[in-house]
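Please look through the sequence and the model first.

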Amino acid sequence: MPNKQTDDKVDVMRKKANKRLHLVVWLTLGLFLLVCVGVLGLAYIAHGQIYGNDIVTMFVVGIVCAVAGFGLLYWLLVQGIYSQFNATYKESYVLEILQQNPKFQNIYYSPKAGLPYQTLQRVGIIPMGVQRYFKSEDMLSGSYRNIKFFVSDVVTKKPAYENRIQILFEGQVICLEGFQKRSATNVQVFHKKFPHKKQKGYAIPIQGERWNNIFHVYAEQAQYAQSVLTPKRTEQLITFANAVQTPCAVIFENNRMFLALHTGNSMFDANISQTLSEQKDGIAKGVYGLEKALDIFVDD
């Protein structure tokens, strides 16, 4: 494991970023108050008194300026040191801690690598949005028994109204490879709460009340879907959904299974407000979905 000197170095960077964040918060608050005073002062000069509409305008202008000011100050004072801290944190701890997990063999971790846009677009497990907004990083790969696995953070976005950018998916995509049973065509399984489903084929009926309370199934041919989604497999998927408690999607393709977890966060990003000890514990928790997938879907 990284030595005490490494811990001290990383913690110095964390504390520096945290101090700068507090400075940005106080500067933003000061900007908000300054703008509010300025707006009320101008209103008093213009009207000789302050009306209710002036107070509303004060809050609106103050909030807009504060949000814009916070974004600019964060970019100028915090973003650079946080990025440096985050990269050093990942390089120092992630691989070392994950190698201690007995479920993982042949571990490879690259914080800057990820799953290709073209692969996820072909598979169709998540909505892809626009490629220039696509981001995938924190690639973790390895093996467990006879199954190879790949998992990466993925974020997809698209332009929305009023020049805004809409997040379509943010979470992890897992690929388990090496199953003996092959699917002749893609079979899609979507949790009913999974957002922005990209459906291919037709809705396929699957027996079981518990199953139908949780999932929708889509495939080009019903017979293939029903042959892949055996009673054992449907029970595994129900168990998985209950374990992760996160909207998920699953696709069976040939001898591979893709799983998408819409968690809304990254597996391994550092947090400047938490101690290193707390964050090290969080690294192991970051791959909880992968661990449950290996526990549930890899045959004994």
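A residue is called buried when its relative accessible area is under 20%, exposed when it is over 50%, and partly exposed in between (1.4 Å probe, protein chains only). The model is predicted, so local features need pLDDT of at least 70 and side-chain atom pairs count only at pLDDT 80 or more, while totals for chains, interfaces and linings use all residues. Residues are numbered from 1 along each chain as its sequence is written, and side-chain values use heavy atoms, with hydrogens and water left out.

Side chains of opposite charge can pair when their charged atoms come close. A salt bridge is a side-chain nitrogen of Lys or Arg within 4 Å of a carboxyl oxygen of Asp or Glu. The search of the whole structure finds 12 salt bridges. Three of them are listed here.

| Salt bridge | Closest N and O atoms |
|---|---|
| Lys280 and Asp7 | 3.3 Å |
| Asp11 and Arg14 | 2.8 Å |
| Lys15 and Asp11 | 3.5 Å |

The salt bridge of Lys280 with Asp7 links distant parts of the chain, 273 residues apart: Lys280 is in helix α7 (residues 276-286) and Asp7 in helix α1 (residues 4-47). Helices are DSSP runs (H or I, at least four residues), numbered from the N terminus. Both Lys280 and Asp7 are buried.

Asp11 and Arg14 are about one helical turn apart because they are three residues apart in helix α1. Asp11 counts as buried because its relative accessibility is 18%, and Arg14 counts as buried at 9%. Lys15 and Asp11 also both lie in helix α1, four residues apart, about one turn of the helix. Lys15 has 44% relative accessibility, so Lys15 counts as partly exposed.

Elsewhere, a network of salt bridges links Arg122, Glu177, Glu253 and Arg256.

Technical notes
Helix = DSSP H or I, 4+ residues; strand = E, 2+ residues; numbered from the N terminus.
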